[in-house]
Amino acid sequence: MTTHVSAPRRHFELVIAANRLPVDQVTAADGSVSWTRSPGGLVTAMDSVMRNRDGAWVGWGGEPDVDIAPLVHESMYLRPVALSAAEVEDYYEGFSNDTLWPIYHDVIVQPSFHREWWRSYIAVNQRFADAIAEVAADGATVWVQDYQLQLVPRMLRDQRPDLRIGWFNHIPFPAVELFAQIPWRRSILEGLLGADFLGFQRVADAQNFVRACRRLLQVTTRGDLVTLTSRDGSSRTTRAAAIPISIDFQALNQLSMSPAVMDRARELRHQLGDPRVLMLGVDRLDYTKGIRHRLKAYEELLQDKAIGPPDVTLVQVATPSRERVEAYRELRQQVETTVGRINGDYSPIGSPAVHYLHHSYPQDEMAALYLAADVMLVTPLRDGMNLVAKEYVTCRHDLGGALVLSEFTGAYHELSQAFICNPHDIEGLKETILKAINTPAHEKARIMRSMRRRIADHDVHRWASRFLEALASAPDHPQRAERPGRRGVLR
Ligand code: F6P
């Protein structure tokens, strides 16, 4: 059960910091306040990691200009960090999502560089560092998440040398040629090098980071170790390695086996007209996800009469995301125009070619959709991991279904038995979709079984313990500095 009570101040041995809290505060027009789960795979993954630990989570409550007192949510201590409306524009929508996001995703759209956004990024990162320092016990482990908080490790190290500090990048880390465009590239690298351990989704991401340090900071690197020497002559070493994130296989597998979810899957298929082939896409509405490429391939398949409703239909769930950033607005318009055109051109009455849903759904409904779908289309142009791919496989305890997976996802490196595509190659994508439809069921079951084994063995709990072990044994293990004036503090 969810409870939200103001919590007395405490100190914790484990502190997670992420841009968002696991729940967003939503204030309705009448002033009433409610809480909803925050979007994205990060929250889902970290939520299951934190569930049985006595830890604190530091993050933004999701609304501008709202100062929330610390609270307890599902027995987790939440320490909100307030952001002003200007900071939401400059730090979150601006620097995080209009500068870093496009650079870190291969410049699919042009990044914007603004000095005031950078200043805001520094100010907000400092606020996060201060909030973490406030709740972290002596010698605590701090796990910072993602690209929004890259300056936090250094800022935190400066005021709390006693802490073990780790950072995990949920998105790709770009090649140095792209990273080098950022005017503040050195500060970002130095910010990260305040950590003991840096985790990345792929080996290539960790290597890109190490290469960027070598080229842009002229520091010494040895394998996955980077040593930074400060102006005062002291040096410290940070390790950068790949530890790919995963999902809670057991929990989701069980949910998908529940009679309610299985009934709902059947009901969904029936509501969709019992198609022979149900195809599904589930994404945040983001230009990195390759939704336009997917729709183009689908539209051409309809045009070629290779497939068509009511025999085949596509459900596209597009979760609203970053709607005030121009590139996201444009994408929404393009996707919705395309969906309208496809339906206008190819749908008979009562059987839309595309069912477009601009919503987010609770986990049980998603599990039912996954279970109902014969072909899952995961076609990003670049994606750190893509947990939707892993969720789909996890829900297919019946060994049914087929996963079409882009080679530009982190997931590809673990699930390469899937029906692999290059989403830029529309002809190739069309062929892969047809192959996923037409491969015999027993062959698809064999592929699904092997992918399920991989995820079951490498679930989110294993990911978290691997990360925390790597952090605990990170290279520089200086004597834990004694913090002045912290004795007798309530933990
Ligand atoms: O990992 C990518 C990420 O930006 C996460 O940090 C976040 O939880 C998710 O995508 C959703 O993004 P946002 O918080 O900007 O809605």
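Reader: What is the handedness of the crossing of helix 6 and helix 7?

Author: In this predicted model, the crossing of helix 6 and helix 7 is left-handed.

Reader: Which residues make the contact of helix 6 with helix 7?

Author: Helix 6 contributes Arg 185, Arg 186, Leu 189, Glu 190 and Leu 192, while helix 7 contributes Phe 209, Ala 212, Cys 213, Leu 216 and Leu 217. By class, seven residues of this contact are nonpolar, none is polar and three are charged.

Reader: How should I read a pocket, and what lines the second largest pocket?

Author: Rolling a probe the size of a water molecule over the atoms shows where empty space is left. Here the second largest pocket has a volume of about 260 Å³, and the residues lining this pocket include Arg 186, Glu 190 and Leu 217, together with Arg 154, Asp 158 and Arg 231. Helix 4 (152–159), helix 6 and strand 12 (225–229) are the elements that each give two or more residues to the lining, which divides into three nonpolar, two polar and five charged residues.

Reader: At what angle do helix 9 and helix 12 pack?

Author: Helix 9 (residues 259–271) and helix 12 (residues 363–372) pack at about 60°, with their axes 8 Å apart, and are therefore oblique to each other. Their crossing is right-handed, and their contact has nine nonpolar, no polar and four charged residues.

Technical notes: Residues numbered from 1 in each chain as written. Predicted model: local features only at pLDDT ≥ 70, side-chain atom pairs only at ≥ 80, totals over all residues. Heavy atoms only, no water. Left-handed = near helix turned anticlockwise from the far one by under 90°. Helix = DSSP H or I, 4+ residues; strand = E, 2+ residues; numbered from the N terminus. Contact = heavy atoms within 4.5 Å. Nonpolar A, V, L, I, M, F, W, Y, C, P; charged D, E, K, R; others polar. 1 Å grid on protein atoms, 1.4 Å probe; cavity = no way out; pocket = protein on both sides within 12 Å on 5 of 7 lines; lining within 4 Å. Points joined across faces, edges and corners; volume = space filled by probe spheres on them. Axes fitted to C-alpha atoms, helices over the stretch in contact; angles between N-to-C directions. Parallel < 35°, antiparallel > 145°, perpendicular 65-115°, else oblique.
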